[in-house]
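Colleague: Could you take me through this structure before I set up my calculations? I would like to cover the contacts first.

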Amino acid sequence: MIPSGTAALVLGGESPREEQSLHDEILTRLRDHIVEGNIPDGGRIPERQLCEMLGISRTPLREALKVLAAEGLVELLPNRGARVRALSERDLLELFDVMGGLEALAGRLACENITDEEIAEIERLHYEMYGFYLHRDMHGYFQVNQLIHQKILEASRNETLKVAYAGFAGRIRRVRYSANFARKRERWGEAMREHEMILEALRRRAGSELSDILFRHLRNKRTAALEHLKTGDGTTAPELA
């Protein structure tokens with residue numbers, strides 16, 4: 001959630017590096033705000049309210065929305081602003097299976113290419129994530145969780161895989177976050193145990209095993225996401241024609 005009282009972020013007069021840093025900060029905060037469910041599925045993006053919260057004008061906000069649209073998190077409406085992309089049950093079934101396949105491949109390739117230093121960094125992140133889990137800090141947990149998956153992807157040393165992964169990851173990032181709340185957060189504990197298995201297989205560079213664990217990890221998250229979709233507000237997103 002974007003904290004109230006955030007210092008104004010004014011784009012203008014900065015060096016290119018500073019301007020890029022501000023752009024990245026706006027993008028990160030806006031992405032987190034949407035991923036964490038502060039705007040409902042299919043809901044319109046309240047541009048004026050977000051500008052006030054971030055202390056920015058509409059121009060940098062709309063630039064950030066264009067990036068999130070490219071990620072698949074929001075939809076731009078011609079002359080009508082933007083809205084959060086709503087996913088149907090069929091969308092989720094298909095997207096999670098594709099992501100499961102991509103992560104499984106990333107895990108297999110990572111075990112062939114990863115360095116000891118990269119494994120140590122992922123292990124460090126794992127324990128940082130566990131600390132967030134113990135403190136029930138969902139925001140911190142999810143940020144580090146996504147970083148761990150990204151590190152495994154980077155260790156695959158496969159640029160084509162990275163591009164394909166990025167093309168789908170944004171579309172289900174919001175759902176991956178909310179899935180941890182399924183079954184009164186039982187899924188959160190399950191996900192943490194699955195990450196223990198991921199780390200152990202990675203340490204042993206057991207590519208086939210890690211591939212299977214990652215695919216099951218996404219399948220389990222898909223099941224939890226569908227449960228949350230159906231029970232979170234008592235409805236499901238409409239099926240696509």
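This is a predicted model: local features need pLDDT of at least 70, side-chain atom pairs count only at pLDDT 80 or more; totals for chains, interfaces and linings use all residues.

Colleague: Where is H195 found?

Modeller: H195 is found in helix α8, residues 182-203. Helices (H or I, at least four residues) are DSSP runs, numbered from the N terminus.

Colleague: Is H195 buried or exposed?

Modeller: H195 is buried, at a relative accessible area of 2%. Buried means under 20% relative accessible area, exposed over 50%, and partly exposed in between, with a 1.4 Å probe and protein chains only.

Colleague: Which residues does H195 touch?

Modeller: Leaving aside residues up to four places away in sequence, H195 touches H126, M129, N145, I148, H149 and H217. Contact means heavy atoms within 4.5 Å.

Colleague: And what about H126: where is it, and is it buried or exposed?

Modeller: H126 is placed in helix α5 and counts as buried at 2% relative accessibility. Its contacts, again without residues up to four places away in sequence, are I148, M192, H195, E196 and L199.

Colleague: Changing topic, how many salt bridges are there in the whole structure?

Modeller: A search of the whole structure finds 22. A salt bridge is a side-chain nitrogen of Lys or Arg within 4 Å of a carboxyl oxygen of Asp or Glu.

Colleague: Which residue forms a salt bridge with R205?

Modeller: R205 forms a salt bridge with D116, and their closest N and O atoms are 2.8 Å apart. The pair links distant parts of the chain, with R205 in the loop between α8 and α9 and D116 in helix α5, 89 residues apart. R205 counts as partly exposed at 34% relative accessibility, while D116 counts as exposed at 53%.

Colleague: What about E47 and R62?

Modeller: Their side chains meet in a salt bridge at 2.9 Å, N to O. This pair joins helix α2 (residues 47-54), which holds E47, to helix α3 (residues 58-71), which holds R62. E47 is buried, at 9%, and R62 is partly exposed, at 41%.

Colleague: How do the axes of α2 and α3 cross?

Modeller: The axes come within 10 Å and cross at roughly 110°. Axes are lines fitted to C-alpha atoms, for helices over the stretch in contact, and angles run from 0 to 180 degrees between N-to-C directions. The two helices α2 and α3 are therefore roughly perpendicular, a term for angles of 65 to 115 degrees.

Colleague: Which residues meet there?

Modeller: E47, R48, L50, C51 and L54 in α2 meet R58, L61, R62 and L65 in α3.

Colleague: Finally, how are the rings of F142 and Y177 arranged?

Modeller: F142 is buried, with a relative accessible area of 3%, and Y177 counts as buried at 7%. The ring centres of F142 and Y177 are 5.1 Å apart and the planes are at 85°, so the pair is edge-to-face. Rings of Phe, Tyr and Trp (its six-membered ring) pair if their centres lie within 6.5 Å, and planes over 60 degrees apart count as edge-to-face. F142 belongs to helix α6 (residues 138-155) and Y177 to helix α7 (residues 159-179).

How values were computed:
Residues are numbered from 1 along each chain as its sequence is written. Side-chain values use heavy atoms; hydrogens and water are left out. Angles under 35 degrees count as roughly parallel, over 145 as roughly antiparallel, 65 to 115 as roughly perpendicular and the rest as oblique. Rings of Phe, Tyr and Trp (its six-membered ring) pair if their centres lie within 6.5 Å; planes under 30 degrees apart count as stacked, over 60 as edge-to-face and the rest as tilted.
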